[in-house]
Amino acid sequence: MEYTAEQAAAPAYLDAATAAPLHPVARQALAAALEDGWADPDRLHAAGRRAQRLREAATATVADALGVRADEVTFLSSGTAAAHAAVLGGLAGRARAGKTFVHSAIEHSAVLHAAARHGDAAEVGVDLRGRLDLDAWRTAVSGPGVALAGLISASHEVGTVQPVAAAAEACAEAGVPLYVDAAQSVGRAPVPPGWSLLTASARKWGGPPGVGLLVVRKGTRWLSPYPGDDLHRPRPQGALDLPAVVAAAASLRAVLAEAQTEAVRLSALVDRIRATVAATVPDVEVVGDPVERLPHLVTFSCLYVDGEALLHALDRHGFAVSSGSSCTASTLRPSHVLEAMGVLSHGNVRVSLHRGTTEADVDRFLAVLPGLVATIRKEAGM
């Protein structure tokens, strides 16, 4: 299939794993919430009470969506802030039990940075498809002095769904609480039960940026790692962006209503990308589990290709994608996730779809990609 220059340049945003386009419901809710959501919801005056009702409604909506209690849900300023609070607060609350934080080798950099700040962590590896080594996990969480375990629900870079239920069972047997980073799963796929702490990010499902979720289940010891009056109940640091919170809750409910249909549609498009890229681009490695994966995400690595050069070439043709590690790209380091998997860690592209992605977008991408890869290789003398 051939495309004109105008068609080839038609923009196609294919980086939803970083931030999905704002859902129409989020836009509507955000505009409406600006009327009453500007006041401090902790104040007793009329404006404060109106804001408080908005916060309570948003909290109840999210709690219902996640199947948890409303008093277990806290809104923070981002998914990163939520991850930091979960790890550092979970470890602080379990200081008497030990100091070790067990985590997979493919956690988001926010989790790894928190682990590094804590200073006593045990890393568990993954296989070639990016799936957790469960035997090593069981051994690690049952060791002496383990305070907390952390496992991402599904890889943010290659889409492989992790065995959360089995990991949670091992943690329960060892008496260790499990923290799950569900940023890529919430709004797209159910998260298995058994966890003690969970975080998510609204911009991943089509909510506004600047809203993170922290869920601490009842009975889980959590101690605030930040200065404040209430050390035992998670609270945002500073003022809450209440209109954004309302929009996040409303969009989550809308996204979940569409999730099953969208998962089928996007998974079929991802299957097409996986098969076509492997067939049309020489020396390419499509990574991640082909079956146990998120429905909207696919990553492939091209040998003899600089990832940044390919990213810019695709951008010039109207395709927004990610290259390298989604959370450490600015450091120019190879992806720690791909390195942990033992697969090609350079020349990689992550394509992540959303509700606005069309078959035509995917067809254009697949038509343009082989020529761009060939040109970059030729310019590099390959």
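Author: A salt bridge is a side-chain nitrogen of Lys or Arg within 4 Å of a carboxyl oxygen of Asp or Glu. A search of the whole structure finds 15 of them. This is a predicted model, in which local features need pLDDT of at least 70, side-chain atom pairs count only at pLDDT 80 or more, and totals for chains, interfaces and linings use all residues. Residues are numbered from 1 along each chain as its sequence is written, and side-chain values use heavy atoms, with hydrogens and water left out.

Reader: What makes R350 and D15 a salt bridge?

Author: The closest N and O atoms of R350 and D15 are 3.2 Å apart. The limit is 4 Å, so the pair qualifies.

Reader: Where in the chain do R350 and D15 lie?

Author: R350 is in strand β13 (residues 348-352), while D15 is in the loop between β1 (12-13) and α2 (24-33). The two are 335 residues apart, and the pair links distant parts of the chain. Helices (H or I, at least four residues) and strands (E, at least two) are DSSP runs, numbered from the N terminus. Both R350 and D15 are buried, a word that stands for under 20% relative accessible area, with exposed meaning over 50% and partly exposed in between (1.4 Å probe, protein chains only).

Reader: Why is D71 called partly exposed?

Author: The relative accessibility of D71 is 44%. That value lies between 20% and 50%, so D71 counts as partly exposed. R69, at 45%, is also partly exposed. D71 and R69 form a salt bridge whose closest N and O atoms are 2.7 Å apart, and R69, D71 and K218 are linked in a network of salt bridges.

Reader: How do you know that R129 and D289 form a salt bridge?

Author: Their closest N and O atoms are 3.9 Å apart. This is within 4 Å, so the pair counts. R129 lies in the loop between β4 (121-124) and α6 (134-141), and D289 in the loop between β9 (284-287) and β10 (297-302), so the pair ties together parts that are 160 residues apart in sequence. D289, at 8% relative accessibility, is buried, whereas R129, at 45%, is partly exposed.

Reader: Why are the buried residues of α7 said to line one face of the helix?

Author: In helix α7 (residues 164-174), the residues V164, A167, A168, A170 and C171 are buried. Seen down the axis, they fall within an arc of 160° (taken from the directions from the helix axis to the C-beta atoms), so they line one face of α7. The face turned away from the buried side carries the exposed residues A172 and E173. What covers the buried residues of α7 includes α6, β5 (146-152) and β6 (178-181), where contact means heavy atoms within 4.5 Å. G175, which follows α7, has a positive phi, near 70°.

Reader: What makes P370 partly exposed?

Author: The relative accessible area of P370 is 22%. P370 has its place in helix α12 (residues 359-379). Leaving aside neighbours within four places in sequence, P370 is in contact with T280 and V281.

Reader: Which residues lie nearest the centre of the largest pocket?

Author: V73, T74, R233, P234 and R235 do, among the 40 residues of the lining. The largest pocket holds about 980 Å³ of space. Helix α3 gives the most to its lining, with 4 residues.

Terms used: 1 Å grid on protein atoms, 1.4 Å probe; cavity = no way out; pocket = protein on both sides within 12 Å on 5 of 7 lines; lining within 4 Å. Points joined across faces, edges and corners; volume = space filled by probe spheres on them.
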